[in-house]
Amino acid sequence: MHAGKVVGVQLPHPRTGARFSSPVPPGSGWPGDPATPRTAVASTAAQVASMAPEVQSLEELDAAVSVCRACPRLVEWREEVAIVKRKSYADEPYWGRPAPGWGAARPRVLIVGLAPAAHGANRTGRVFTGDRSGDFLYAALHRVGLANQSVCVDAADGLVLNGTRVAAAVRCAPPGNAPTPAERATCAPWLDAEWRLTAPYVRVIVALGGFAWRAALQMLRTGGVTVPTPAPKFGHGATAELGDVALVGCYHPSQQNTFTGKLTPQMFDDVFRQAKARASVG
């Protein structure tokens, strides 16, 4: 099966002005779209499990992730959101597809989050972009020298990461920000492939939240890294030395955490400043 075209009302991209349907058809010119209309589509968990270990590059992985349709509930939700939209974005096209990882091709720092936001990455096509969590994250990365700018509004805004890659454990926006255990398991092989392709370079993994911490631990186990029993526990600033890589915990930059002061800019900066130094990012 291959990625096909989605027919619908076309609206202009807020930066480029090019017109797109929502969800965005693969290969139609969306900024940063890694797929083409002929990119193979995984439609079941079994297909994800068989395709992910075979990808040979991050470009190939990103393309496959961006057209995945293996979780029916998530496909229905992300596409419904893309069509209905939030009122403030009603005149924009929505990406409406899974959000692949993005950033440096040979990252020294790998940041793992939970899942795309319904009106963030599900709208922009780039993980942690277009919402408050992304504003908080990329501002911190810019302050510590891991990003060239703090602006992160769309996939064509000029943002470039320095020695850093960002990925989500689940690639589709889930209802209530809560993927099911089955959906998490279905998506895990994509993260496993991301680790396989970046492991030779990564020295620090920053897990944003407890779920990302657990997903990163499982990713490492699957990749052949010895994880002790009992497993290291998540906490803000918690660090687990696992072979050649350090896993660092960080509170997720959700509005609940940032508005209440559970996670402050200083706390966030400290985590990424230490990650940068430890990973020897220039």
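Guide: Let us begin with a term: a residue is buried when its relative accessible area is under 20%, exposed when over 50%, and partly exposed in between (1.4 Å probe, protein chains only). This is a predicted model, in which local features need pLDDT of at least 70 and side-chain atom pairs count only at pLDDT 80 or more, while totals for chains, interfaces and linings use all residues. Residues are numbered from 1 along each chain as its sequence is written, and side-chain values use heavy atoms, leaving out hydrogens and water.

Visitor: Is Cys71 buried or exposed?
Guide: Cys71 counts as buried, because its relative accessibility is 13%.

Visitor: And how many disulfides are there?
Guide: The structure holds 0 disulfides, a disulfide being a pair of cysteine sulfur atoms within 2.5 Å.

Visitor: New topic: which residues have the most contacts inside the largest nonpolar core?
Guide: They are Tyr138, Val206 and Phe272, in a core of 32 residues. Such a core is a set of buried Ala, Val, Leu, Ile, Met, Phe, Trp, Tyr and Cys residues joined through side-chain atoms within 4.5 Å.

Visitor: What does Val206 touch?
Guide: Not counting residues up to four places away in sequence, Val206 touches several residues, including Val109, Cys250 and Phe272; contact means heavy atoms within 4.5 Å.
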